[in-house]
Amino acid sequence: MESFLVNNEGYYGDFGGAYIPEILHKCVTELQQTYLTVLQSEAFQQEYAQLLRDYVGRPTPLYLARRLSERYGCRLYLKREDLNHTGAHKINNTIGQILIARQMGKKRIIAETGAGQHGVATATVCALMNMECVVYMGKMDVERQRVNVEKMKMLGATVVPVTSGNMTLKDATNEAIRDWCCHPADTYYIIGSTVGPHPYPDMVARLQSVISEEIEKQLLAQEGRSCPDYLIACVGGGSNAAGTIYRYLDNPEVQIVLAEAGGKGVESGMTAATIALGKMGIIHGARTYVIQNADGQIEEPYSISAGLDYPGIGPMHANLAARKRAVVLAVNDDEAIRAAYELTKLEGIIPALESAHALGALPKLRFKPEEVVVLTVSGRGDKDMETYLSHAPQAETHS
Ligand SMILES: *Cc1c(COP(=O)(O)O)cnc(C)c1O
């Protein structure tokens, strides 16, 4: 059987690769040739493991959610990435990449951000490592995400509002790539998800794979077996999902369920359901499914959750969907909100809106009582309180 991991050319089946402007060829090739050596070096592994433990707070708990298990008729475990420093899984990746950047002798870090979560995670590790940090953010998002902008500034980063295009994530990413083209020698670009040209999707997946390494050990200790029956995660670009499934990809007995953002409905025109609607295209250096119009123009995606509204999807996940290794469900805004309130009421955990989409997949699935389900809670809901309050389920019935 062909593996679902990346091949030597940076492809997952028909997806992936590195479609980049000529000027970036040298630095992308340099990264392709360096990243595995660094990741596999003793020095990196030691420092990375120590920071994950002492700075990020890993391992994160694998929590058997008793009341939620009862509701859905299975043994439901939550992988608590919400308990990480900075409130989500993103820091697993930024810590790893800044260590790689330092090893490569880079002095300046750039990043793109949509809601600001990846920007904050990047600014955090730049403060930690005393590196210059420039974060590109669409002007619309700068206005919508004031608190994260203030956090990045307090952490010492320069936030550059991007005024091209629709002034959101896609445009911020284009601007970060432009910056990289102008400063290829001294600048390292920390991408926030399993997207972008090879080697980023594989590098980010490997850095997030600590999630599934821990799941294996924790399940073995708590259930007496290291493999669950189901893994469930939400997908924006795909990094928390990649981390959750990484060690289980080539084990067909583990069923993989990915939740993408349906927005107001897959057919509504206001959606980020890339697997449901996307066609093969190229976005930010990778060949993958992209939501586009008949002329191939990228369509502006929509989701109530800022972390999921990306018009592409990581090449690993596109391949998993194309080859039916993963079931991909579109979870709409209202379903995610309902799921977030349900988790809060039953377990006392307020999830990030993104994670609420993974929870929103539960009512669409049927389990047997003895089946073991692991669902990753990718982040905490503090940042989403305004949205939750203005969309409380009782208010919903009046609209
Ligand atoms: C950014 C973010 C996501 C989406 O990104 P992925 O790369 O798909 O994981 C999901 N959950 C949270 C909490 C996030 O901050």
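A crossing of two helices is left-handed if the near helix is turned anticlockwise from the far one by less than a right angle, and right-handed if clockwise. Helices (H or I, at least four residues) and strands (E, at least two) are DSSP runs, numbered from the N terminus. The model is predicted: local features need pLDDT of at least 70, side-chain atom pairs count only at pLDDT 80 or more, and totals for chains, interfaces and linings use all residues. Residues are numbered from 1 along each chain as its sequence is written, and side-chain values use heavy atoms, with hydrogens and water left out.

The overall dimensions come first. The protein has 17 helices and 14 strands. Its radius of gyration is 20 Å, close to the 21 Å that the globule rule gives for 399 residues, so the protein is as compact as a globular protein of that length. Here the radius of gyration is taken over C-alpha atoms, and the globule rule is 2.2 Å times the number of residues to the power 0.38. Along the principal axes, the C-alpha atoms fill a box of roughly 55 × 50 × 40 Å.

Of the 399 residues, 59% count as buried; buried means under 20% relative accessible area, exposed over 50%, and partly exposed in between (1.4 Å probe, protein chains only). The protein exposes about 16,400 Å², of which carbon and sulfur atoms supply 51%. These accessible areas come from the Shrake-Rupley method with a 1.4 Å probe, and for residues only the protein chains shown count as cover. Contact means heavy atoms within 4.5 Å. Among contacts between residues at least 6 apart in sequence, 74% join residues at least 24 apart.

Next is a helix pair. Two packed helices are described by the angle between their axes and the distance between the axes. The axes of helix 4 (residues 90–103) and helix 9 (residues 200–208) come within 8 Å and cross at roughly 115°. Such axes are lines fitted to C-alpha atoms, for helices over the stretch in contact, and angles run from 0 to 180 degrees between N-to-C directions. The crossing of helix 4 and helix 9 is right-handed. Helix 4 contributes Lys90, Asn92, Asn93, Gly96, Gln97 and Ile100 to the contact, and helix 9 contributes Tyr200, Met203, Val204, Leu207 and Gln208. The residues of this contact divide into 5 nonpolar, 5 polar and 1 charged. In this scheme Ala, Val, Leu, Ile, Met, Phe, Trp, Tyr, Cys and Pro count as nonpolar, Asp, Glu, Lys and Arg as charged, and the others, Gly among them, as polar.

Helix 5 holds His118, which counts as buried at 5% relative accessibility. Not counting residues up to four places away in sequence, His118 touches Lys90, Asn93, Thr94, Ala111, Glu112, Thr113, Ile190, Ile191 and Gly192. The loop between helix 5 (117–129) and strand 6 (132–138) contains Asn130. Asn130 has a positive phi of about 55° although it is not a glycine, and is exposed, with a relative accessible area of 72%.

The buried residues are Pro315, Met316, His317, Ala318, Asn319, Leu320 and Ala321.

His357 lies in helix 15 (residues 353–359) and is buried, with a relative accessible area of 0%. Leaving aside neighbours within four places in sequence, His357 is in contact with Cys234, Ala259, Glu260, Ala261, Ser303, Ile304, Ser305, Leu308, Val331 and Ala336.

Two cis peptide bonds remain. One joins Arg58 and Pro59, with omega about -5°; Pro59 is in the loop between helix 2 (42–56) and strand 3 (62–64). The other runs from His198 to Pro199, with omega near 20°, and Pro199 is in the loop between strand 8 (187–189) and helix 9.
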